[in-house]
Amino acid sequence: MDTGMLILRLLVGLLVAGHGVQKVSSHLGGKGIEGGTEEFRADGFRGGVLTALAAGGGQIGSGLLLAAGLLTPLAATGAIGVMTVALTVKWRHGLWVQNDGYEYPLVLIGTAVALAATGPGAWSLDALLGFAPYPLWWAALALVSGLGSGLLTRLLLRRTPPAPAIADR
């Protein structure tokens with residue numbers, strides 16, 4: 001079981017972190033901070049560089065913490081939060097990824113919740129430092145906090161369309 005948890009943490013954690021790197025740099029096929037900023041604007045978000053840096057930093061931090069198995073409930077909360085924002089962007093396309101849907105963010109949210117529920121396994125920094133196992137209620141807290149922060153972020157940063165001109169009314 002510990003080997004499986006290690007593989008799962010490394011796979012998901014490093015993918016989430018890599019996705020964040022793409023938002024803020026030209027590494028891993030990213031388009032730099034300018035590209036990350038433009039992506040958020042195209043997806044209907046206010047803000048600019050700060051929004052891209054916050055999202056990228058959140059993904060890098062939560063992904064690396066998940067991969068290391070360190071502060072796993074907090075790492076899961078961060079991953080759930082950023083992937084909830086991604087899910088809201090993709091929602092209008094439906095579930096399936098081939099239609100630009102929310103399938104992938106949903107899988108990452110589910111995996112983060114599962115890691116918070118099961119714990120990071122024996123081969124983790126949490127276990128080494130004596131933090132694990134976490135009580136099961138941490139998983140529920142991670143899910144609620146992650147979903148809440150993601151939805152609140154989407155609500156607060158949503159760009160409202162300009163009001164129609166008087167002649168258009």
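Mentor: Before we look at the aromatics, the rule: rings of Phe, Tyr and Trp (its six-membered ring) pair if their centres lie within 6.5 Å, with planes under 30 degrees apart counted as stacked, over 60 as edge-to-face and the rest as tilted.

Trainee: What sort of model is this, and which pLDDT do local features need?

Mentor: This is a predicted model, in which local features need pLDDT of at least 70 and side-chain atom pairs count only at pLDDT 80 or more, while totals for chains, interfaces and linings use all residues. Residues are numbered from 1 along each chain as its sequence is written, and side-chain values use heavy atoms, with hydrogens and water left out.

Trainee: How many aromatic pairs does a search of the whole structure find?

Mentor: Four aromatic pairs turn up. In one of them, the ring centres of tryptophan 91 and tyrosine 102 are 4.7 Å apart and the planes are at 20°, so this pair is stacked.

Trainee: Where do tryptophan 91 and tyrosine 102 lie?

Mentor: Both are in the loop between α4 and α5 (103-118), so the pair ties together parts that are eleven residues apart in sequence. For the element names, helices (H or I, at least four residues) and strands (E, at least two) are DSSP runs, numbered from the N terminus.

Trainee: Is tyrosine 102 buried or exposed?

Mentor: Tyrosine 102 counts as buried, at 15% relative accessibility. Buried means under 20% relative accessible area, exposed over 50%, and partly exposed in between (1.4 Å probe, protein chains only).

Trainee: And why is the pair of tyrosine 134 and tryptophan 138 called edge-to-face?

Mentor: Their ring planes are at 70° and the centres are 6.1 Å apart, so that pair is edge-to-face. Tyrosine 134 is buried at 18% relative accessibility, whereas tryptophan 138 is partly exposed at 30%. Tyr134 and Trp138 form one aromatic cluster together with Trp137.

Trainee: What about phi at leucine 28 and leucine 71?

Mentor: Leucine 28 has a positive phi of about 55°, although it is not a glycine. Leucine 71 has a positive phi too, about 50°, and is not a glycine either. Leucine 28 is in the loop between α1 and α2 (32-42) and is exposed, with a relative accessible area of 58%. Leucine 71 is in the loop between α3 and α4 and is partly exposed at 34%.

Trainee: Since you mention those helices, at what angle do α3 and α4 cross?

Mentor: The axes of helix α3 (residues 49-68) and helix α4 (residues 72-90) cross at roughly 145° and come within 8 Å. Axes here are lines fitted to C-alpha atoms, for helices over the stretch in contact, with angles running from 0 to 180 degrees between N-to-C directions.

Trainee: Left-handed or right-handed?

Mentor: The crossing of α3 and α4 is left-handed, meaning that the near helix is turned anticlockwise from the far one by less than a right angle; clockwise would be right-handed.

Trainee: Which residues make the contact?

Mentor: From α3, Ala55, Gly58, Gln59, Ser62, Leu65 and Leu66; from α4, Thr72, Ala75, Ala76, Gly78, Ala79, Val82 and Met83. Contact means heavy atoms within 4.5 Å.

Trainee: New topic. Is lysine 23 buried or exposed?

Mentor: Lysine 23 is buried, with a relative accessible area of 6%. Lysine 23 lies in helix α1 (residues 2-24).

Trainee: Which side chain does lysine 23 have a polar contact with?

Mentor: That of glutamate 39, at 3.3 Å. A polar contact is a pair of N or O atoms within 3.5 Å; within protein, one must be able to donate a hydrogen and the other to accept it, and residues adjacent in sequence count only if both atoms are side-chain atoms. Not counting residues up to four places away in sequence, lysine 23 touches Gly32, Ile33, Gly36, Glu39, Phe40, Ala52, Gly56 and Gln59.

Trainee: Last one: where is tryptophan 123?

Mentor: In the loop between α5 and α6 (125-129). Tryptophan 123 is partly exposed at 49%. Its C-alpha is 6.4 Å from that of aspartate 2, 121 residues apart in sequence.
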